[in-house]
Amino acid sequence: MLEVKFGDGTEGRLPFVWLRDNCQCSQCFSVEGLGRKFLIDDLDVEVQPTKVEESMQGLTVKWSDGHQSEYSTNWLQNRAFTPSSRALHREKYALRKEQWGAEHRMKDFDYNTLMSNERVLLDWLLTMERKGSAMVRNVPQKDVAGQELIEHIAFVKQCHYGPHSPVINRPNSNNVAFTNAKLGLHNDLPAYEHMPGIIFIQCLAQHPGAGGESIVTDGLFAAEELRRKRPEDFKILSSTDMYFWDKGHANYSWEMPEFYKIAKFPVIKVNGNNEVVQIAVSNTTRDSHMDLPPQEVKKYYAAYKRFYIILSANAMTFKMEQGDMMTLDNVRCLHGRESYDADSQRHIETSYLDWDEARCRRRRLQEKFGCFI
């Protein structure tokens, strides 16, 4: 490794093979395309520097394979494998999530301000990434208001229900959500291998009186509670794949005429660092097919039920009003609703935005306003 000390006193250790792989010369890297041209086929993992020269601008390295590379000081320091440089890029990738329980109250945003003020839009993006929830007020009284806000940010996440979906008591419904029945806490569309990242839930008309209340909970909070209190349950739910399915027909012209989705993954998905990165709970689309030995089934159900009890115990209940639009991290937060009268005019609209696009817009706005951490 090459040991370096920067002007501010910080130090870094730079592996030779990494330095050679990331040569920034025009032969190895495209400034226009912002991508590596140097092929892994041509990389000698045992490469060694034959000469290293330092200057105020950075380093020049001559290599045992005959190549010469130049690296700027800022470029090296941002990638120097130090705890601080690694933490900074981790935050650029995804912000640290802040857990919450039943006492949580969503931060309010104004629809027209989100559409016209990029600093407020950035605040919403940061809030969604950290808290996973926000309430948008004064939403226009039209069924595509959520879709139009998403298109202002990036692109709508399409699904077999189209770019927006009327959540009403439909005749010949193609989903339990499109009835007046009570819906348990759930994440939308776990029958997709790539679940929608953010759900926009707009209230066009609310049911008067009792019924139609929203229930929302933080799945991340519940998963960490389960990990602390019932580690064996957490292990079962994070290591056992479950099937989710969604099969049906179109109710509207913009929906897929016929659909049949199946996905398979754990209810609690963790990454390589054992951090929770996705919750997938849906009573309606959790499949009756289970890829388990029969003697493991009851143990699984017991763990699942205990997780759901924690989700419910830490949920908040409220009633959206006409002009409200709730936005939730759909791979983290769960939502449900109380039942309501079958002849009610209650009308909710939903649309989706992928996290890839939301984080993309967040990073570009942070660059624009010079506010990267």
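1. Which residues does Arg 170 touch, not counting residues up to four places away in sequence? Arg 170 touches Ser 165, Phe 178, Asn 251, Tyr 252 and Glu 255, where contact means heavy atoms within 4.5 Å.

2. This is a predicted model, in which local features need pLDDT of at least 70 and side-chain atom pairs count only at pLDDT 80 or more, while totals for chains, interfaces and linings use all residues. Residues are numbered from 1 along each chain as its sequence is written, and side-chain values use heavy atoms, with hydrogens and water left out.

3. Arg 170 lies in the loop between strand S10 (165-167) and S11, strands being DSSP runs of E with at least two residues, and helices runs of H or I with at least four, both numbered from the N terminus. Arg 170 has a relative accessible area of 6% and is therefore buried (under 20%, with a 1.4 Å probe and protein chains only).

4. Four strands form an open, antiparallel sheet in the order S11-S20-S13-S18, where two strands pair if DSSP finds at least two bridges between them. Strand S11 (183-186) and strand S18 (316-318) are the edge strands, each pairing on one side only.

5. Strand S13 (residues 214-218) runs antiparallel to S18 and is joined to it by three bridges; Val 216 has Met 316 in S18 as its bridge partner. Helix H9 (residues 297-313) packs on the sheet, where this helix touches S11, S13 and S20.

Notes: Axes are lines fitted to C-alpha atoms, for helices over the stretch in contact, and angles run from 0 to 180 degrees between N-to-C directions. Buried means under 20% relative accessible area, exposed over 50%, partly exposed in between (1.4 Å probe, protein chains only).
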